[in-house]
Amino acid sequence: MSTYHENLKNIETIRLREIQKELPSFLAEFFRGIAQTTSTKTRLGYAYDLRIFFRYLFEEHRTLGGIEPTRLTVESLNEITSDDIDCFMEYLSYYIRPDYENPENGAELHNDEKGKSRKLAAIRSMFKFFYKKKKVAANPATIVETPKIHDKQIVRLDVNEMADFLDAVESGGKLSDHQKVYHERTKKRDLAITTLLLGTGMRVSECVGINIKDIDFKNYAIKIIRKGGNEVFLYFGDEVQTALQEYLEERQNAITKEENEDALFLSSQGKRITVRAVQNLVKKYALGVTMKKISPHKLRSTFGTNLYQETGDIYLVADTLGHADVNTTKKHYAEIEDQRRRKAASFIKLRKD
């Protein structure tokens, strides 16, 4: 039987093949070429972004305009300059995604700095691949400036909000009458999920992929699959242990679909719970507790903040959160670092009282 992560890769692979039908045929070589160094999710993301790029060329390019992307050849890339890519970056600020069957239904879209950077990364990867293969004369993407990404304030729950949030999950007191009807059936599951996210800092995708056998109560550990496919153990405390055990007692009586019988967290239909479902339940409980927009990722930020404030060890935080580069962690927690530096100044006395 395929695991959750294997099934996810299969779904992403099938979707990638579907998107490729809308792209130039020479890109099949590109996706095969990077298959050993990238995940299926990364390649699928590249496919989506390159589809937008080639649609832009179809609509706007001075020489490639009007030529269907599927008719382009690898030599067509020689027609693209760094100025063309710069214009594409500007275009991404606001554009209308066409609906060719119903032109009046085109969707208005915007990209922030992160969205533009991701699309530029896909274009750079494509040109780098074919330039290395000597199938294009130049690599114009290398001289296009990466959009400056402005750091945003970390959104997280403070200590009181965290307690109120978990109380809301357990009691259902902040829910609407309609939501309360279902709360009694799901509260132990929901409390186990939210306590686990807050107590370990794992990603929501890692959470939904957990199987029952991945939990080691003896060692207070849980096995997860990181984004890159590596298996790691995260360790949890007593509160997480209690929430998981109480949920598992209830979970034993759940009716499950055969392919989901090993899944730890189940939907009301007996299937493995989805990332979207977890996102929705976190949002639902947070609405009655705080004005902040809380998502599973914000619970992850809450854990990272608490861990850093308690230990002051940025490398421990990076390792626990699964950041490949500690600079990513430093960037996210620069605000806390600044608070620590401000506090340090209060310890220094230049003159005795």
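Predicted model: local features only at pLDDT ≥ 70, side-chain atom pairs only at ≥ 80, totals over all residues.
**Nonpolar cores**

The largest nonpolar core has 39 residues. Phe-165, Leu-196, Met-202, Leu-244 and Phe-265 have the most contacts inside it. Six elements are listed by name as giving two or more residues to this core: the helices α6 (159–171), α7 (177–200), α8 (204–208), α9 (238–251) and α10 (275–287), plus the strand β4 (221–225). Helix α7 gives the most, with 6 residues.

Leaving aside residues up to four places away in sequence, Leu-244 touches Ala-192, Leu-196, Ile-215, Phe-217, Phe-236, Leu-264 and Phe-265. Another core lies apart from the largest one. That core has 38 residues, including Leu-27, Ile-34, Leu-120 and Val-144. In soluble globular proteins, nonpolar side chains tend to be buried together.

**Ile-52**

Ile-52 sits in helix α3 (residues 40–60). Its relative accessibility is 18%, so Ile-52 counts as buried; the cut-off is under 20%. Beyond its neighbours up to four places away in sequence, Ile-52 touches Phe-88, Leu-92, Tyr-95 and Lys-119. Ile-52 and Leu-92 are 40 residues apart in sequence. In space, their C-alpha atoms are 9.3 Å apart.

**Salt bridges**

The count comes to 13 salt bridges. The table gives three of them.

| Pair | N to O distance |
|---|---|
| Glu-22 and Arg-51 | 3.2 Å |
| Arg-62 and Asp-84 | 2.8 Å |
| Glu-206 and Arg-226 | 3.1 Å |

Take Glu-22 and Arg-51, a salt bridge between side chains. Glu-22 lies in the loop between α1 (4–20) and α2 (27–33), and Arg-51 in helix α3, so the pair ties together parts that are 29 residues apart in sequence. Glu-22 counts as partly exposed, at 34% relative accessibility. Arg-51 counts as buried, at 15%.

Next come Arg-62 and Asp-84, whose side chains also meet in a salt bridge. This pair links distant parts of the chain, 22 residues apart. Arg-62 is in the loop between α3 and α4 (82–91), and Asp-84 is in helix α4. Arg-62 is exposed, with a relative accessible area of 54%. Asp-84 is buried, with a relative accessible area of 11%.

Glu-206 belongs to helix α8, and Arg-226 to the loop between β4 and β5 (231–235). They are 20 residues apart, and the pair links distant parts of the chain. Both Glu-206 and Arg-226 are buried.

Salt bridges with shared partners also form a network, which joins Glu-22, Arg-51 and Arg-55.

Key
Residues numbered from 1 in each chain as written. Heavy atoms only, no water. Core = buried A, V, L, I, M, F, W, Y, C linked by side-chain atoms within 4.5 Å. Buried < 20%, exposed > 50% of the residue type's maximum accessible area, 1.4 Å probe, protein only. Helix = DSSP H or I, 4+ residues; strand = E, 2+ residues; numbered from the N terminus. Contact = heavy atoms within 4.5 Å. Salt bridge = Lys/Arg side-chain N within 4 Å of Asp/Glu carboxyl O.
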